[in-house]
Every structure is written in structure tokens, then in C-alpha cells.
Amino acid sequence: MRAIGRFFKWLGLALLAAALAAGLYVGNTVYEELLASPWDRILGIRNQTADLAAVHRAERAYGWEPVEVTAGDGTVLAGTYIPRADRSHRTVILVHGLYSNRSMCLSLVPVYQQMDYNVLLIDLRGHGESGGRHTMWGMKETEDFSAWLDFLRAKDPAVRVGLHGFSLGAAMSILECGTDEGQDMIFCIADSAYADLMALGREKLYAWTGDDRLLLGVDVVDPFFQAAMFFHTGKLLSDITPLDAAERMRAPALFLHGAEDTLVPPDAAESLGRACASPEKKVLLFEGAGHAQEFGRNPDAYVQAVQEFVARR
């Protein structure tokens, strides 16, 4: 009987080890798929990441400075620095959306120049002229912001920095403002940010496949997925979830969103606004605007909202 008991004990341990190994394998596969999946097709958005003609024309026409920094992991990041002719200690970093590049933010350059801000346009990793094969969804981007902040401090040790991001760039801006370094930002403007990446991903995967069994599988694999993420990057889901970062924010925050946004529903902005720990925060929805279309639909109201908010800094 003892021999039989030992057999089943070791069999159980072997099965448990096999299950754990299988779970870790699947979790790592899901982690890799998060990075490599064709999110442009899944989300139904146009891939414009390589179209830099507009920003190159502007650099040539206005003498703007193409710049590069190197992130902590060796990835080279590209941007455009636009200083004020009359020296200013205030700079805004404009951050584009998924499958776009720094050209997306050109329309806001004169808005901030009128407020006496230097402007730094950046290409997120995996976009435009920056290195990397794809976005890391926040697993590396806060370190990338550190490289850009070092660049700005080298130009002006007294610089004060604000962030204004769109869609993915808005989410990355919120994540940055939730870090210790980001507590010193003079403002954070998040246009069309998602609140929870995995919740959004579940919704879009279901819409793409129509298979709710996939969602059950995602739930089962989640702890193994997070283990794989931590192994590769030292980050957990809570580290790349804007809703969690908002709870740590101290910078004044303005959450802008299109009321007709079907890619990232407008209740994301409302959730972020409620969670935000900043003593000064505001949520503003634009009627008739889809995803990141607020400026295009109502530029006067958009500029007024931004300038009034920034002017109080």
C-alpha cells in the first residue's frame, strides 16, 4: 500500500509539474502574441507608422532639429526638437498614437508655441524612425521617457515638462506620470487614452473572432502570462495599466475623449478621471468626435480647452 501511495504522490507531482510547464509555455506564447499580433487589423486602424513625409517637410521648412536618444536597453529613439526663439524653460512632449508617428502631432506645435513652450515630438519605440519592432505597451516606454527627459535637461537644467499624448501616446503619458519621475510633470493631457489594456484587448479579440472560449482561455492563462511578462521585462499588468497609474498621478490632468469613440469607449476617460489622484483634474468629452478626432471635429473648442488648462500651470 505504501508503494502505491508513493506512486500516486509522485504521479500527482509529475502531472502538476507538467501542467505548470504547459501553462508557462502558453503564457509565454500569449506574451509574444501581445507584442507581435497585427493590432492594426484587429483594431481596424490604418498603419501609418512609416509615413514621415509631413514632419520631414516641416523640419526642412522651419529648420527644426531632428534628434535621437538611446534608451536604457540600447534602442535608438527618434524625435524632432522645436525650441522657442526667445528662450523658454517650459517644454511639452507630444506623443502620437498606435501605428502612427510624430507627424500626427504637428497640428499642435503652433498651439504650444503660442503659449511660449518648446516642443519635442517623439516617435514611440516600434514607430516612425525609432528602433524596436513594435510597441511594448508600456513595458519599456516609461524608461524611454527617461531618456527624453535626460535629453531635455541636458539642454536646459531648469526645464519644466508637460505631456500631451493621443491614444496609445496618451496611455503612455499616464503611465509615465504614475512613476516617481513623472510626479514632477507640470501637466498631463491624455487624448483618447484606454484605461485597461487587457480589458480592451479582450473586447477587441472577441469582436474579431466571435469566440468567447478564447476569453475563458485568456483568464486561465493570465497568471502564466504575467509570469512571462515579469520574466522578460520585470513588469506586471498593473505596471502597464493606465487606470492603476492614474491612482498614483500628482500632475494636473486633463482627459479628452470623443463622445462617439467606438475604438476606445468614452467611459475610459471617465474611469481615468475618477481614479486620478491629482488634486487638479478634468474630463472633457467632445460630441460628434470619434477616436482621437476631437481636434479635427472642433479645433476651436479643443485649442481653447488645452490653452485654458495649460495657462493655469
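This briefing walks you through a predicted protein model, from the whole chain down to single residues. Residues are numbered from 1 along each chain as its sequence is written. Because the model is predicted, local features need pLDDT of at least 70 and side-chain atom pairs count only at pLDDT 80 or more, while totals for chains, interfaces and linings use all residues; side-chain values use heavy atoms, with hydrogens and water left out.

**The whole chain**

- The protein chain has twelve helices and eight strands. Both are DSSP runs numbered from the N terminus: helices are H or I with at least four residues, and strands are E with at least two.
- Of its 313 residues, 50% count as buried. Here, buried means under 20% relative accessible area, exposed means over 50%, and partly exposed is in between (1.4 Å probe, protein chains only).
- A contact means heavy atoms within 4.5 Å. Among contacts between residues at least 6 apart in sequence, 75% join residues at least 24 apart.

**The largest cavity**

- The structure holds two cavities of 30 Å³ or more. A cavity is a set of points, on a 1 Å grid over the protein atoms alone, where a 1.4 Å probe fits but cannot get out, and its lining residues have an atom within 4 Å of a point.
- About 50 Å³ of space lies in the largest cavity. Grid points are joined across faces, edges and corners, and the volume is the space filled by probe spheres set on the points.
- To find this cavity in the model, look for its lining: Leu77, Ile122, Asp123, Leu124, Arg125, Glu141, Asp144, Phe145 and Trp148.
- Helix 5 (residues 141-155) gives the largest share of that lining, with four residues.
- By class, the lining has five nonpolar, no polar and four charged residues. Ala, Val, Leu, Ile, Met, Phe, Trp, Tyr, Cys and Pro count as nonpolar, Asp, Glu, Lys and Arg as charged, and the others, Gly among them, as polar.

**Helix 5 meets helix 6**

- Helix 6 (residues 168-177) is mostly covered, with ten of its ten residues buried. Among them are Leu168, Met172, Glu176 and Cys177.
- The axes of helix 5 and helix 6 come within 9 Å and cross at roughly 75 degrees. That makes helix 5 roughly perpendicular to helix 6.
- Axes are lines fitted to C-alpha atoms, for helices over the stretch in contact, and angles run from 0 to 180 degrees between N-to-C directions. Angles under 35 degrees count as roughly parallel, over 145 as roughly antiparallel, 65 to 115 as roughly perpendicular and the rest as oblique.
- On the helix 5 side, Glu141, Thr142, Phe145 and Leu149 take part, meeting Met172, Ser173, Leu175 and Glu176 of helix 6. This contact has four nonpolar, two polar and two charged residues.

**Gly128 and Ser100**

- Gly128 sits in the loop between strand 4 (118-122) and helix 5. With a relative accessible area of 26%, Gly128 is partly exposed.
- Leaving aside neighbours within four places in sequence, Gly128 is in contact with Thr49, Leu52, Ser100, Asn101 and Asp123.
- Although Gly128 and Asp51 are 77 residues apart along the chain, their C-alpha atoms are separated by 7.3 Å.
- Ser100 belongs to the loop between strand 3 (90-95) and helix 4. Ser100 counts as buried, at 9% relative accessibility.
- Not counting residues up to four places away in sequence, Ser100 touches Gln48, Thr49, His127 and Gly128.

**Two positive phi values**

- Most residues other than glycine have a negative phi. Here are two residues with a positive value.
- Asp116 has a phi near 70 degrees and is found in the loop between helix 4 (109-113) and strand 4. Asp116 counts as partly exposed, at 24% relative accessibility.
- Ser192 has a phi near 65 degrees and lies in the loop between strand 6 (187-191) and helix 7 (197-209). Ser192 counts as buried, at 0% relative accessibility.

- Glu59 is in helix 3 (residues 53-62) and is buried, with a relative accessible area of 10%. Beyond residues up to four places away in sequence, Glu59 touches Trp64, Pro66, Gly79, Thr80 and Arg102.
- Gly44 is in the loop between helix 2 (39-43) and helix 3, and counts as exposed at 64% relative accessibility.

Notes:
1 Å grid on protein atoms, 1.4 Å probe; cavity = no way out; pocket = protein on both sides within 12 Å on 5 of 7 lines; lining within 4 Å.
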